[in-house]
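I am opening a notebook page for this chain. The entries below follow the order in which I looked things up.

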Amino acid sequence: MLSVNQEIPEELLQTDEAVFCPLLAGQMSIHDGLLVHASDANTSQRRRCGLVIRYVPTCAHPTQDPDRPRKFAATMLACGSDRFNHFSDKTT
């Protein structure tokens with residue numbers, strides 16, 4: 001998994017299998033979080049944003065990176081119950 005400004009080494013990419021998916025302003029792509037994807041630099045005055053949704057079992061738990069403290073809850077219980085108490089939202 002990569003975070004902000006990290007890159008996959010060129011020799012590990014299969015660029016001959018790349019599929020281009022050009023988007024117009026206001027459009028978005030939806031893809032698996034493990035899909036290798038990229039985009040050119042944002043040259044507009046508007047911000048580019050992303051949304052990540054991952055579903056995990058409640059036995060999983062979030063980790064904290066002391067160098068990048070969160071300003072929001074990293075996890076939320078989507079449905080069911082959390083008998084491990086790892087999620088911020090305890091709704092059922």
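How many disulfides does the count come to? I took a disulfide as a pair of cysteine sulfur atoms within 2.5 Å, and by this rule the count comes to 0.

Before going on, I noted that this is a predicted model, in which local features need pLDDT of at least 70, side-chain atom pairs count only at pLDDT 80 or more, and totals for chains, interfaces and linings use all residues. Residues are numbered from 1 along each chain as its sequence is written, and side-chain values use heavy atoms, with hydrogens and water left out.

**Cysteines.** I looked up the accessibility of C49 and C59. Buried means under 20% relative accessible area, exposed over 50%, and partly exposed in between (1.4 Å probe, protein chains only). C49 counts as exposed because its relative accessibility is 60%. C59, at 47%, therefore counts as partly exposed.

**Whole chain.** I found 0 helices and 0 strands in the protein chain, reading helices (H or I, at least four residues) and strands (E, at least two) as DSSP runs, numbered from the N terminus. Of the 92 residues, 7% are buried. The accessible surface is about 9400 Å², with 55% of it belonging to carbon and sulfur atoms; areas come from the Shrake-Rupley method with a 1.4 Å probe, and for residues only the protein chains shown count as cover. I also checked contacts, meaning heavy atoms within 4.5 Å. Among those with a separation of 6 or more, 38% join residues 24 or more positions apart.

Is D82 buried or exposed? D82 counts as buried because its relative accessibility is 8%. A polar atom of the D82 side chain lies 3.0 Å from the backbone nitrogen of N85. The D82 side chain also reaches the backbone nitrogen of H86, at 2.7 Å. I then turned to N85, which has a phi near 55°, a positive value in a residue other than glycine.

**I8.** Last, I looked up I8. Its relative accessible area is 31%, so I8 is partly exposed.

Definitions and conventions:
Polar contact = N/O pair within 3.5 Å; in protein donor to acceptor, adjacent residues only side chain to side chain.
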